[in-house]
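Please keep the sequence and the structure in view while reading.

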Amino acid sequence: MQIQLSGNIDSGNASEVDKYIEAKIADKTPNCLIIDFEKVDHITSAGLRVFLKYEKKIGDIRIINVSQSVYTIFENIGFTAIMSVESPSVD
């Protein structure tokens, strides 16, 4: 299952992002969740907690099309060691 997110994910909207994802997967129970970050500009610790929740719940979460600045946040926190976080390749 793939979900597209956009904008900033922070303490002001993390609970809404969580509810959005929960509603998308409610009846499906996916064994893999792919979240497209192509349109995500920034993420804070509140947003990171949402994705950690789903990593624990589903076991396989992949965050794709992550900008370099957002990737750096995931990397600095250590999330790249526990879930797949992918930046688009540069040709």
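## Aromatic pairs

Rings of Phe, Tyr and Trp (for Trp, its six-membered ring) are taken as a pair if their centres lie within 6.5 Å, and the planes then decide the class: under 30 degrees apart is stacked, over 60 is edge-to-face, and the rest is tilted. With that criterion, a search of the whole structure finds three aromatic pairs. In one of the pairs, the rings of Phe37 and Phe51 have centres 5.4 Å apart and planes at 65°, so this pair is edge-to-face. The pair links distant parts of the chain, since Phe37 belongs to strand β2 and Phe51 to helix α2, 14 residues apart. Ring pairs also link Phe37, Phe51, Phe74 and Phe79 into a cluster.

Burial here means under 20% relative accessible area, exposed means over 50%, and partly exposed covers the range in between, with a 1.4 Å probe and protein chains only. Phe37 is buried, with a relative accessible area of 0%, and Phe51 is likewise buried at 0%.

## Basis of the values

The model is predicted, so that local features need pLDDT of at least 70 and side-chain atom pairs count only at pLDDT 80 or more, while totals for chains, interfaces and linings use all residues. Residues are numbered from 1 along each chain as its sequence is written, and side-chain values use heavy atoms, with hydrogens and water left out.

## The sheet

Helices (H or I, at least four residues) and strands (E, at least two) are DSSP runs numbered from the N terminus, and two strands pair if DSSP finds at least two bridges between them. Strands of a sheet pair through backbone hydrogen bonds, either parallel or antiparallel. In this model, four strands form an open sheet in the order β1-β2-β3-β4, and the pairing is parallel. β1 (2–9) and β4 (84–85) stand at the edges, each with a single partner strand, so one side of each is left without a neighbour in the sheet.

Seven bridges join β1 to β2, and these strands run parallel; along this pairing, Ile3 stands opposite Ile35 in β2, and Ser6 stands opposite Lys39 in β2. Strand β2 (residues 33–43) is joined by four bridges to strand β3 (residues 61–64), again running parallel. Here Leu33 stands opposite Ile61 in β3, and Asp36 stands opposite Ile64 in β3.

## Helices on the sheet

A crossover is right-handed if, with the strands pointing away from the viewer, the path from the first strand over the helix to the second runs clockwise. By that rule, β1, α1 and β2 make a right-handed β-α-β unit, and β2, α2 and β3 make a right-handed β-α-β unit as well.

Which residues of α2 are buried? They are Ala46, Gly47, Leu48, Val50, Phe51, Tyr54, Glu55 and Ile58. What covers these buried residues includes β1, α1, β2, β3 and α3 (68–77), where contact means heavy atoms within 4.5 Å. The expected span of a helix is 1.5 Å times one less than its number of residues; the 14 residues of α2 should therefore span 20 Å, and its end C-alpha atoms are 20 Å apart, which agrees. After α2 comes Gly59, whose phi is positive, near 95°.

## Two individual residues

Val50 is found in helix α2 and is buried, with a relative accessible area of 6%. Not counting residues up to four places away in sequence, Val50 touches Ala14, Val17, Asp18 and Ile21. Val50 and Ser69 are 19 residues apart in sequence and 19 Å apart in space, C-alpha to C-alpha.

Is Asn65 buried, partly exposed or exposed? At 25% relative accessibility, Asn65 counts as partly exposed. Asn65 lies in the loop between β3 and α3, and Asn65 has a positive phi of about 55° although it is not a glycine.
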